Amino acid sequence: MTTTLLHIKNFFQSVRFKKYARRFGFFLLGLIGLLLISYGGLSIYFSRNKTEIIGKINTKINENINGKFHVGDFQYKFLTGFPNFTLALKDVELKDNQWATHKHTLLKAKEIEARLNVWSLLHNEINIHKILINNANIYVYKAENGYSNANIFKPKKKKSPVDKSETETTIDQIDLNDVHFILDNKLGHKLFDFHVASLNTKVDYDGNDWQTDVFLDTQIKSLAFNTVHGSFAKEKELKGTFNVSYSSEKEKIDVVTRNLKIGTDSFDITAFFNLAEGNALFGINIGTSILWQNASNVLSANISTKLNRFDLSKPIDVNCDIQGDFNAEGDPKIVVQAIIKDNELSIPDGLIKKCNFKGIFTNNFKPKEGYNDANSAIILTHFSGEYENIPLTIPQLAINNLEKPVATGNVSSDFDVERLNEISNDKWIQFTDGHAKANLKFQFDIVDLYITKPRFIGKIDVDDASFHYIPKNVHAIKTNIHLDFTEKALLIKQIAYKHNKNTIFIEGKIDNFLNLYYDAPEKMIVNWKIYCPNIDLKQFLGVLATSQKTKSTAKNTKRTTISNQIRTAIDKCAVVIDIKADKINYNKLTATNTTATIEMIDSRLVIKNGSLQTSGGSINFNSEVKPSGKNFAFTSNAKVNRVDIASFLRSFNNFGVTSFNPGNIKGRLSSQANVTGFINGNGSLITNSMHGNLTFNVNQGALLDFEPIVKIGKFAFPFRDVKNITFSDLSGTLKLRGEQIDVNNFTISSSVLNLDAEGIYSFGRGTNLALTIPLRNSKNDINLATQAERDAVRDRGIILHLIAVDDEGKMKIKWGKKDKEK
């Protein structure tokens, strides 16, 4: 290594190297001198021929324009652009002949550099190989009548091959720096506005064809294909290299660019532009992988304002195809395709997770109806995702008419119903078991991009569902529900509802369901047909309880959630139930062959045409039950036909009467009642709460050890069997006033005595009952042939007048008539 360095050192210090180095230095100095002399000569040439050169440039430009060209000054730039001759034009203006009408200057530049071929210049020809435009404004204007200030350039006459020469003027290279370019097309309502920081291009010619690579760094102020709808990529920086080629045969420019930066995102673009007279068709294809919000912000305002209401968390693959005519009004044809995989889609009504689909946007859904919002559509295919934890599959969804968007498609779902708990934002219902399947054809409006009034045709099947309906504190287990949505009604089929020991089979129908569900739920009538093999009625009174108020944790939003909509409909709708039960239990009452029509309206339970068999007889009734605080108020109009009176009284806990028990009486009771009262939360009658009117009679009756009669018998009839009394007539008219009863026309015709009673009987304090008792023995009255004969002898003989009064809570019998004042 040391030896090599020593040889190199000796070579540079040798006489031979110094000799050649000196010669090379003289050569360089001579070359520089020659260049300086040449440029000096060119400078002298320009100075001496400035007027002639300017004249030739003006002549050449004016030969090719229909307008006015003005140059403030010319300068020669020494050594700039060597070996070409560089001429700087200062304060350049180019105007068309109609500038006074539209006031738009085609070109206004502080400086334009023109680099001319020296050899051509020496032969008295102007051949411009490069143009540099600095600090300029270019305004291309097209009026509504089709006139353009760019038509300032005269068409070139075609030359035959014989006339062509190698020295024909061409411009090989164009550079722009700090240039504001505007293309204002009033005819097509288009506005392109760019602030070009830098543009560099070098053109390669092949006869009349050419191609170039254009480097562009610009700020997009406007890229509006329709000024009504706004600009694409507004205020975005565009930077990249375009491969541009021109075909003279096709009169078309083709553009290709890769990794073009628009803002922070990269795009691949392929485009064409027709330049033939009468043909201004163009096409632009854009491909990228981009975030949804970034893609939306590149589009025009009429599209982005809608898309900004949506979002996708991960980048998506997008391809956009734009085709149009620069001379045509309105929007170009726009088709956008996107592929979404394992993404999260935010929509105004919620969040769809695990989202996959292929999306297509077109503004020309029906080919003959133009490019506009009304003819625009979004089509999603192979859609899958989870909406509020519910899996959804949609083979195809179409959203038509973006002015008044309507979405249509088919949706299917298969899931465990526990997932529905995510939808209940105020936790009014909770599911614990069950499985659901849905297959629905849907249509819904999109108002301000919120889903509104979905309409469905199809089926939903729910099997083995268990839930807790919190407002009514209703628990259900192993419930099956089959819903069939038709255009005219909702059919509810094959519901098997199990609650405690009760099983209910339900079918239902709601006419005009979808219209009423959204617009007037209070007018919606749910018609149920219910069959119960065995039911405990008390367990279902809780359905009428006042809804429990729960504090919603949901945020106040403009939209009405599905959960809130369903709950509103449930609370407001009316329910009509045709019920049939083989066996009903209520307290100690057991009824069979029960039928009724039940209406549930605003938490009221209205029972019409009720009929049941119990205690060996039958009851027909109409009733109404409604919540009243913690209890239930009821009204009832009932007709009792020949029921076993003892069994009937036991069923209703003797209606709160303590002075006798059902064992004191036998016989068949028939009655007519019109009463009101209260039932507690456990379904039991509240003692002494009834008011109303009651008439009754008992046939084939007997009083057994009835305390008031026994007391009277001991006092008045010590020798008669008053503990076992059979009677042919036991009837009366009663007015119930809570704790007290007004007794009217109370009549007993018995084997021991006859008795008439009138006054007040009290379950508590205040009894004041007047008793009229003939002393004659009525034992043999039953043997009389007719009722008239029995009535004729009933009141013969001595008559006792007694009073049964309250004595510190106990009944006391004394002589006398009723104290009317008391």
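Is K354 buried or exposed? K354 is exposed, because its relative accessible area is 52%, where exposed means over 50%, buried under 20% and partly exposed in between (1.4 Å probe, protein chains only). The points below place this residue in the wider structure.

1. Basis of the note. The structure is a predicted model, in which local features need pLDDT of at least 70 and side-chain atom pairs count only at pLDDT 80 or more, while totals for chains, interfaces and linings use all residues. Residues are numbered from 1 along each chain as its sequence is written, and side-chain values use heavy atoms, with hydrogens and water left out.

2. Overall composition. The protein chain holds 11 helices and 37 strands; these elements are DSSP runs numbered from the N terminus (helices H or I, at least four residues; strands E, at least two). Of its 822 residues, 44% are buried. Among contacts (heavy atoms within 4.5 Å) with a separation of 6 or more, 53% join residues 24 or more positions apart. The accessible surface of the protein chain is about 44,400 Å², and carbon and sulfur atoms account for 54% of that surface. Accessible areas come from the Shrake-Rupley method with a 1.4 Å probe, and for residues only the protein chains shown count as cover.

3. The K354 salt bridge. The side chain of K354 meets that of E386 in a salt bridge, with an N to O distance of 3.7 Å. K354 belongs to strand β15 (residues 350-362) and E386 to strand β16 (residues 377-387), so the pair ties together parts that are 32 residues apart in sequence. The two partners fall into separate accessibility classes: K354 is exposed at 52%, whereas E386 is buried, with a relative accessible area of 15%. The criterion for a salt bridge is a side-chain nitrogen of Lys or Arg within 4 Å of a carboxyl oxygen of Asp or Glu. Side chains of opposite charge can pair when their charged atoms come close.

4. Other salt bridges. The whole structure contains 12 salt bridges. One of them joins E93 and K108 at 3.8 Å, N to O. Because E93 lies in strand β2 (residues 85-96) and K108 in strand β3 (residues 107-116), this pair ties together parts 15 residues apart in sequence. E93 is partly exposed at 22% relative accessible area, and K108 is partly exposed at 46%. A network of salt bridges links E93, K95 and K108. Elsewhere, D184 pairs with K186, the closest N and O atoms being 3.6 Å apart. D184 is buried at 7% relative accessibility, while K186 is partly exposed at 36%.

5. Negative surface patch. D414, D416, E418, D433, D463 and D464 form a negative surface patch. Strands β18 (406-416) and β20 (450-469) are the elements that give two or more residues to this patch. D463 is located in strand β20 and is partly exposed, with a relative accessible area of 34%. Patches are made of residues with over 30% relative accessible area and no salt bridge, like charges being joined within 9 Å and nonpolar side chains (Val, Leu, Ile, Met, Phe, Trp, Tyr) within 5 Å. Asp and Glu count as negative and Lys and Arg as positive, with His and the chain ends not counted; the place of a charge is taken as NZ of Lys, CZ of Arg, CG of Asp or CD of Glu.

6. Nonpolar surface patch. I171, I174 and Y205 make a nonpolar surface patch of about 230 Å². I171 is found in the loop between β4 and β5 (173-185), and is partly exposed at 32% relative accessibility.

7. Surroundings of Y531. Y531 is placed in strand β24 (residues 525-536) and is partly exposed at 31% relative accessibility. Leaving aside residues up to four places away in sequence, Y531 touches T503, I504, F505, K580 and D582. The C-alpha atoms of Y531 and I506 are separated by 6.5 Å, although these residues are 25 apart along the chain.

8. Backbone points to check. Most residues other than glycine have a negative phi, and most peptide bonds are trans. N135 has a positive phi near 50°; N135 lies in strand β4 (residues 128-142) and is partly exposed at 40% relative accessible area. S615 also has a positive phi, near 50°. S615 sits in the loop between β27 (604-614) and β28 (617-628) and counts as buried at 15% relative accessibility.
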